Number of protein chains: 2
Amino acid sequence: MPAPVTDADLALAGELAQQLRVDSIRSSTSAGSGHPTSSMSAADLMAVLVSRHLRYDWEEPKHTGNDHLIFSKGHASPLLYSIYKAVGVVSDEELMTGYRRFGSRLEGHPTPVLPWVDVATGSLGQGLPDGVGVALAGKYLEESPYRVWVLCGDSEMAEGSIWEALDKASHYKLSNLIAIVDINRLGQRGPTELSWDLDTYAARAAAFGARVFAIDGHDVAAIDAALAQAGDLAGDKPSVIVARTLKGRGFSEVEDREGWHGKPLPEAMAERAVVELGGERHLLVRGPGPAGAGKPRPGSDGAEVKLPGYERGQKVATRKAYGDALAALGVRRDVVAMDGEVSNSTFADEFAAAYPERYFEMFIAEQQLVAAAVGMAACGYRPFASTFAAFLTRAYDFIRMAAISRASIRLAGSHCGVEIGADGPSQMALEDLAMLRAVHGSTVLYPSDATSAAALTAAMADLDGISYLRTTRGAYPVLYDTGDTFPIGGSKVLRSSGTDQVTLIGAGITLHESLAAADQLAADGITARVIDLYSVKPADTATLTAAAAATGGRLVITEDHHPEGGLGSAVLDALTQAGRTEISIAHLAVREMPGSGTPAELLHASGIDAPHIADAARRLLA
Amino acid sequence: MPAPVTDADLALAGELAQQLRVDSIRSSTSAGSGHPTSSMSAADLMAVLVSRHLRYDWEEPKHTGNDHLIFSKGHASPLLYSIYKAVGVVSDEELMTGYRRFGSRLEGHPTPVLPWVDVATGSLGQGLPDGVGVALAGKYLEESPYRVWVLCGDSEMAEGSIWEALDKASHYKLSNLIAIVDINRLGQRGPTELSWDLDTYAARAAAFGARVFAIDGHDVAAIDAALAQAGDLAGDKPSVIVARTLKGRGFSEVEDREGWHGKPLPEAMAERAVVELGGERHLLVRGPGPAGAGKPRPGSDGAEVKLPGYERGQKVATRKAYGDALAALGVRRDVVAMDGEVSNSTFADEFAAAYPERYFEMFIAEQQLVAAAVGMAACGYRPFASTFAAFLTRAYDFIRMAAISRASIRLAGSHCGVEIGADGPSQMALEDLAMLRAVHGSTVLYPSDATSAAALTAAMADLDGISYLRTTRGAYPVLYDTGDTFPIGGSKVLRSSGTDQVTLIGAGITLHESLAAADQLAADGITARVIDLYSVKPADTATLTAAAAATGGRLVITEDHHPEGGLGSAVLDALTQAGRTEISIAHLAVREMPGSGTPAELLHASGIDAPHIADAARRLLA
């Protein structure tokens, strides 16, 4: 527990709060944009937190005992950066000349280019789920006494992801997680749904398993008491502080008024505001240091990963190989895994069985699934998160934001494409390659056999950024020998001769169909080159270009995916990047809405099976 | 209220429930896949509903007074289809030979290829949000006495979207919405998070504003009483029935046992199950008919839409033109609009001001935003849903499922790309074109000026499927005259001559940059063709092919989007579809992670402004 609070403490916190308000106004007015009023409502809450409760070594942001402070309401960045000034890690000059400027680290919404920021926020409803990930790491992996304080806005409480987060926080007994909800009643375009109905907020949070503290968010003594209790790691519940506040608090011309969201005060108005708030201050205030340290953040420990081996020709599903390889990777203490309640389908259950202490069941909550991975990545772990590939679409905003968070997370999506058969289109991932390729800095992998799937899973452990492995439901023959290598950005040429007339490109099930098509073509005396494009992003430009040159530019690209943004686009992007291109493309993809059926029926109906590939090749040669 | 229940009614419901169980087993065993045990747990609930409470004219599925029945737990399709048999609209033969078979309408998860299905389900947590959309239409648009009954699974209560739905249902006082939660304790891979903790489920639902009924889901009298009360349209709250059930109820070998999710019973076991359940039955049971009718589902009423006009050269943001046009479309009674609490940014607020009775504020809950549109589309309305384009990523799973629902919905995403400036990457849509292009049957539009934006908005009203309009934050010069036409699948050639050496292709801000680049090139004596590719999907193959042919295959494609899956891919797909292609492509896109800055700084830093475009053109000509 913190030291008993004195009147001087509270007075200092009050002064600090005014400074944070003044600096929020000054910085946003100087930038010509930003959200001062959304900062001012939470200034008292943050002033008490930072001066009295946040245990943080500001000289050592990576200290394993540091509390974490996440602004889920990322638009209150002026407040966050004003805190950084108040604790002395950002100068007043940087604040005034950097905020929202080109090239500055003080971006419009916080990102981890700042060493004190764990995760990027600004898409509402993400900071708390990310905080659950950090808190899971703190409690179960690092075993650190740190707390995770998350400042939420009231508008974002309408996001379902907030409730996924609280649900998991209570399920995992995260007493180290404290959500502070700044209930200032006003959203962007007008009043929020619940206004100042603190009772309803409190009832919801309590029903989701939190300890709840309802307070006046401008009463520093009440704030202090709530933070002291909420920050107590004893017990087994997360805490939610619902704080009634006024948007624009402290400046009479904007306080609690509509029409001031996301608007800097004009200069003259800002001057009046600073006067009304008592003038500029340059207090330097720091709170307590870490209460202890967590376990050292693990490296790979040089552990030797023994990947599973498969016999050529043996039928093994790539999703099974993912599970096998993930379990093998478990010898590395930095590898953690989580799944969306389908681990017996994705085969993440193999890791869960072998390393239960590093496996986190996220149930059917894909947004929280990805957010948990992001939070753990922020703590130095190497998370693998899996579900059906189709359901990763549920978390696209989180995946996009993970890239902005510079998080290194690994996603595995099973049951891609029409190949899954009878379950029908709701379970078929047909957009996932497009979705993941478009993520900044992503790596997209799509193995066709168990050997490559296992090797690529292992490679993902050491990749930076967002990496994605697309796996297939059915079991198909192993194509490669144990020990074959599959560099990221590479490909495998499975059939080639000096007289190839056409190139067939596939991945996953369509590689097997392309191989069968090559056999059919060979029977007609047509020699086809066959390329396994297991690395969809980055794609193997050299091999693709060489193949195009060798086969008269004739390429049949086949994918179990909609035509847009997937394998076809990857090939075209690669070829056209290489310079002047002369090509004849047949692009076979899933162009009609599929229904149920057997895999063979659906591959045929979609026009992506071997006979269609062979026909397309013949037409290119006609 | 329904007639008082008699012992005979309850006995009939009990018999019907056994029939539904037997048929769920028979159909899934015959198909060799499916979810019989998830169907058996809810059989009593559905038997009482269908025989006593569901007001439905089975001969007229489009009756405006029909209740709606949505299986949010879409994997219980054997139960749903067994109901269709019991009411006499699907034969036993179709059930036994069609379920999950190729070409059959009885797909693995329900889709609206069946006339009694409103929306596709199978991605969990979507049926209830969709049901909110239907209930909104019923209460506020159709003014029909129908109820919307949604069968939910317990596993899907972990999805945040469920809580977005209940939040909106209570906000909009949807007493016509009843969620029936089948709490059978077992998920796919093991026990659910909350097991049979009905108290917690009930507390959560109550906190989110629902009337809650906690019952034994196998006690037909208790079910009847709860359905009778919950179905009462009086009051202003949605209802949630939390029903304790047993997975696999009625067959001792699987009842309440793990390991039986999503598995059909082997034939011998199925035979034993049918015996234990009392044998096959072929009851024909229907409940009451509609209690009245709703307003006729509106057409466009031949209303003349007077689109706003803009002066060439006037600076108008395309998002503003969207709002103007949307408000103009309001003369059509079939047009409805909704927004994610940013209507003053998307300019949907113009429609809200003019037609408040057809505007629905969804606050910051993008999943529910799209689901509301899908539900209203199922009722014959033409919804437009808007938010920042970046935040549509939050709803990708819903958009994907909307396509499977054959829903015609219109999405408008504002603030695309780095052009937005200081707010930083969290608010920049840089993946949206890839995301929307990959949706089956989608139309993707990206206007560069107000005239075309308004015209395309109007065109969207009559488009089938998922259509998407990408709008830009800043105001740029109007390029076209009022009355110019912008057919879907078309483009505009803004500069051309008989001696064009290179083609510059852009849309939105990059079209303006391309025009400026053409001017710079002209100063060097280089003539450039400039194409406004406002229709990204479908793209104008003829114009693109002709331009490539006329300019030696030299194309500079510039987009304010990540390089994958957007404008560049649209152009390459169009050109390569047209046959043998010889091209030299410069593809300018956002390849580095942006930060804050002015629009000009960020366009320049991303390499997508006029000087970069002109340089790229010069390099192609070098």
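Mentor: At 29% relative accessibility, Arg618(B) is partly exposed, a class that lies between buried (under 20% relative accessible area) and exposed (over 50%), with a 1.4 Å probe and protein chains only. The model is predicted, so local features need pLDDT of at least 70 and side-chain atom pairs count only at pLDDT 80 or more, while totals for chains, interfaces and linings use all residues. Residues are numbered from 1 along each chain as its sequence is written, chains are lettered from A and ligands numbered from 1 in the order in which they are written, and side-chain values use heavy atoms, with hydrogens and water left out.

The partner of Arg618(B) is Asp615(B), and their closest N and O atoms are 2.8 Å apart in a salt bridge, that is, a side-chain nitrogen of Lys or Arg within 4 Å of a carboxyl oxygen of Asp or Glu. Asp615(B) is also partly exposed, at 37% relative accessible area. Both residues belong to helix 22 (residues 610-621) of chain B, 3 residues apart, about one turn of the helix; helices (H or I, at least four residues) and strands (E, at least two) are DSSP runs, numbered from the N terminus. In chain A, shared partners link Asp23(A), Arg26(A), Lys85(A), Asp92(A) and Glu280(A) into one network of salt bridges.

Consider next a pair in chain B. Asp23(B) and Lys85(B) form a salt bridge with 2.9 Å between the closest N and O atoms. Because Asp23(B) sits in helix 1 (residues 7-31) and Lys85(B) in helix 4 (residues 77-86) of chain B, this pair ties together parts 62 residues apart in sequence. Asp23(B) is buried, with a relative accessible area of 0%, and Lys85(B) is buried at 7%.

Such pairs also occur between the chains. Of the 80 salt bridges that the structure holds over all chains, the count between chain B and chain A is 18. In one of them, the side chains of Arg580(B) and Glu582(A) meet at 3.3 Å, N to O. Glu582(A) also stands opposite Glu582(B) in strand 19 of chain B. Strand 19 (residues 581-588) of chain A and strand 19 (residues 581-588) of chain B pair in the antiparallel sense over 3 bridges, where pairing requires that DSSP find at least two bridges between two strands.
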